[in-house]
Amino acid sequence: MAEEEKQEQEETTEPEATEEAEAPEAAEEATTPEAAEEQPEPAAADETPEEEAPAQEEPAGEDAPEEEPAEEEPAAEEEEAPTQPAAEAEAPEPQHPKQIRKLKRSLAPGPPGPQRSPEDRASERAERRRSAQESRRRHRASRRRKRGEPGTGTPPAEREPGPKKVRQGTVVSAGADKTITVEIRVVRRHATYEKVVRRTSKLRAHDESNQAQEGDVVRVVEARPLSRTKRWRLLDVVEKAR
């Protein structure tokens, strides 16, 4: 029995010795130039996974930029949206009538009309004015009908000439042709002081036949303006001078 155990121990030690013998041989092979050339291959094999890893990550990176612009587009539109109203607000409004008409023509729908001559434009403008005038006339007439027929109002008063003034006086001058100067004496009692007040006024009257002489008592009546100073006309001679 003891001999068998010794043989088993020797067998177990022999493989260990062979392994130790093979290990120096493997180390020698590793030190050879061929082993040195073949040694980088595992490093390249190790690097390929690293290179493949970025290659596999690149599609993820490419997908990410495609998704990011999709999210940024609304933001860009929101930024551009306020700028457009601001640009429209900054644009000055046309003040000249020609600019206003040009703006209306540019905003009008449909294709542009044919080229017209100045005479055609003038005739069209006159026609538009006539139609606008007619529409205003109809509108005013309808408003008058709604309010009712206009009243007749106060009838004009009949003109009745009042009695003409007649004065009696003494002729103080008859030297001019067809003209006499008549002195009018007025004697009245003052309303407050009860004193007799005498007033004298002179006027010129028209004597067509020169029948009145100085000192005559005559009556004159008012008339239309016959000259710069004559506003009276001889009516009759009341008393001849002595």
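This is a predicted model: local features need pLDDT of at least 70, side-chain atom pairs count only at pLDDT 80 or more; totals for chains, interfaces and linings use all residues.
Two strands are said to pair if DSSP finds at least two bridges between them. The protein has five helices and five strands, and along the sequence they follow the pattern α-α-α-α-α-β-β-β-β-β. Of its 242 residues, 10% count as buried.

**Strand pairing**

- Strand β3, residues 196-206, pairs with strand β5, residues 230-239, in the parallel sense, and three bridges link the two.
- Strand β4, residues 217-222, pairs with β5 in the antiparallel sense over six bridges.
- Arg 233 in β5 also stands opposite Val 221.

**Salt bridges**

- Side chains of opposite charge can pair when their charged atoms come close.
- Across the whole structure, a search finds eight salt bridges.
- Glu 134 and Arg 138 form one of them, with their closest N and O atoms 3.7 Å apart.
- These two residues are four apart in helix α5, so about one helical turn separates Glu 134 from Arg 138.
- Both ends of this pair are partly exposed: Glu 134 has a relative accessible area of 31%, and Arg 138 has one of 47%.
- Glu 134, Arg 137 and Arg 138 are linked in a network of salt bridges.
- Lys 178 forms a salt bridge with Glu 208, and the closest N and O atoms are 3.3 Å apart.
- Lys 178 lies in the loop between β1 (166-173) and β2 (179-189), while Glu 208 lies in the loop between β3 and β4, so the pair ties together parts that are 30 residues apart in sequence.
- Lys 178 is partly exposed, at 31% relative accessible area.
- Arg 185 forms a salt bridge with Glu 183, where the closest N and O atoms are 3.1 Å apart.
- In this pair Arg 185 is exposed, with a relative accessible area of 57%, whereas Glu 183 counts as buried because its relative accessibility is 14% and the cut-off for buried is under 20%.

How values were computed
Residues are numbered from 1 along each chain as its sequence is written. Side-chain values use heavy atoms; hydrogens and water are left out. Buried means under 20% relative accessible area, exposed over 50%, partly exposed in between (1.4 Å probe, protein chains only). A salt bridge is a side-chain nitrogen of Lys or Arg within 4 Å of a carboxyl oxygen of Asp or Glu.
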